[in-house]
Amino acid sequence: MNKTPTIVKLLLAFVLVVSVILIKQPPMATAEIAWQEAPTNLIHIDVTYDPGTKTYSLGGYSAEELRQVGAPEFQDEVWEVLGLLNNATLRIYDDVIDVFTDDQPLLSLTWDDSSRQILYTILDAYIELGDIDIERAEVWLDKADVEISLRKSKELSKPLDISLATLVQLQVNDKGALSVEGFPTGMELTPETLALINAANIGNLKLCWDKGVIDLQVNGQSLPRATLYQGGLGVIDKAFGLNLGDLSPIFGSRFGAGLVFGNADPVTGECVP
Amino acid sequence: MSRFWRLLLISLVIVLVLYGIYFALGRPVIPLPSIPYKVSPGQPLHSIITSNGADQLKLTLNTAGDIEIVSGQQSVVSLNYTPETFENTLDLGERLLIARKIVQSDGDGSRSSPFLRKVINWVIAYYYHVIRFRLSVLLIALP
């Protein structure tokens with residue numbers, strides 16, 4: 001009888017100690033939220049070209065690598081024009097479009113919503129792919145930071161720099177046809193794949209890529225975060241003979257896509273790290 | 001108090017004290033010995049294991065929420081999960097399996113028992129939140 005109260009006291013003391021430890025644990029919900037810059041759709045593409053050999057390098061890929069993936073070749077007239085320039089840069093940011101040639105400003109356009117409406121009308125008239133979704137176009141242009149630079153040089157171009165805050169909207173219709181931002185791509189899912197997706201009741205997917213880190217949501221439900229390592233992908237490349245080539249530009253990029261099947265709810269939100 | 005109850009109470013206190021220490025230390029991951037598994041030439045995994053020249057592939061499960069595949073010294077891929085994302089993955093996998101059955105046999109597929117799913121989720125959550133282990137399987141390619 002004398003020992004029982006001691007055990008009870010010990011138990012109480014233990015509960016007290018654990019309670020103190022629990023109270024001292026920092027609250028998880030109060031994690032500091034880092035200040036983040038306003039998200040932009042940054043696309044910086046560097047192109048180097050050599051009029052002598054009529055070859056070009058784009059986004060860190062050599063002429064040979066581009067040829068392997070079916071990149072188009074320029075006509076002689078284009079090479080003649082390029083041969084006259086040392087460099088040219090097109091930059092779109094905020095409400096301004098700047099064009100520089102040979103390091104000198106060639107033109108600077110300031111545009112607003114109404115002037116863009118005129119552009120959309122012109123594009124709608126001349127592009128046969130379909131009408132431009134003005135709302136989507138404004139979302140893209142509102143956050144645009146685009147720079148395309150052409151340089152006469154034999155050296156390899158700089159790697160692509162892509163960081164997109166806006167989700168690329170993909171849609172698969174009831175017949176399996178895939179469109180990107182409302183424009184048909186001509187690609188289709190096989191009927192078997194489409195039937196599988198429908199039977200599994202998959203309405204939409206959201207994929208975010210952040211320099212090798214993949215976040216995927218299916219019907220709004222998050223799946224485990226996957227991290228692909230560039231060196232590790234080389235192992236898979238060798239094992240399966242995929243011949244993936246240099247993936248450095250992809251592993252330096254951030255982007256996201258929302259894929260909607262049929263009439264499912266659209267994917268919203270951004271891929272802000 | 002009978003001897004049985006006294007022993008039970010003492011055992012409970014010892015377990016609680018040990019877990020209290022484990023908790024106070026920040027619930028560190030307890031490493032378990034690596035399990036070697038030899039892969040003969042001709043098996044599907046053999047070409048993957050030997051592709052890096054290291055001739056071994058290590059699959060590590062950390063029940064605190066990490067699964068990692070390492071070839072030699074090079075990480076290939078890692079997955080970070082929580083009990084919620086794990087449950088979502090199981091749910092998606094099951095739906096795709098049932099969908100495949102439906103599409104291939106033009107029949108009907110049935111879902112697994114809700115009780116079994118709950119048990120799996122409890123086990124995952126237990127080893128995620130309460131006590132954590134690291135278990136690894138070392139795949140060695142035979143010459």
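A residue is termed buried when its relative accessible area is under 20%, exposed when over 50%, and partly exposed in between (1.4 Å probe, protein chains only). By this criterion Asn88(B), at a relative accessible area of 14%, is buried. The structure is a predicted model, in which local features need pLDDT of at least 70 and side-chain atom pairs count only at pLDDT 80 or more, while totals for chains, interfaces and linings use all residues. Residues are numbered from 1 along each chain as its sequence is written, chains are lettered from A in the order in which they are written, and side-chain values use heavy atoms, with hydrogens and water left out.

Chain B contains four helices and six strands, where helices (H or I, at least four residues) and strands (E, at least two) are DSSP runs numbered from the N terminus. The order of these elements from the N terminus is α-β-β-α-β-β-β-α-α-β. The C-alpha trace of chain B spans about 65 × 45 × 25 Å along its principal axes. Of the 143 residues in chain B, 26% are buried. Among contacts in chain B with a separation of 6 or more, 59% join residues 24 or more positions apart, a contact being heavy atoms within 4.5 Å.

Helix H3 of chain B (residues 83-105) has 23 residues and reaches 33 Å from its first C-alpha to its last, close to the expected 33 Å at 1.5 Å a residue; the expected span is 1.5 Å times one less than the number of residues. Its buried residues include Asp91(B), Glu94(B) and Arg95(B) as well as Leu92(B) and Ile98(B). The buried residues of H3(B) pack against helix H6 (191-199), strand E12 (213-218) and strand E13 (221-222) of chain A, together with helix H4 (114-129) of chain B. Asn88(B) is located in helix H3 of chain B. Residues up to four places away in sequence aside, Asn88(B) touches Gln221(A), Ser222(A) and Leu223(A).

In chain A, Asp102(A) is found in the loop between strand E4 (96-101) and strand E5 (104-110). Its phi is near 45°, a positive value in a residue other than glycine, and Asp102(A) is partly exposed, with a relative accessible area of 31%. Asp103(A) lies in the loop between E4 and E5 of chain A and has a positive phi of about 65°, although it is not a glycine. At 60% relative accessibility, Asp103(A) counts as exposed.
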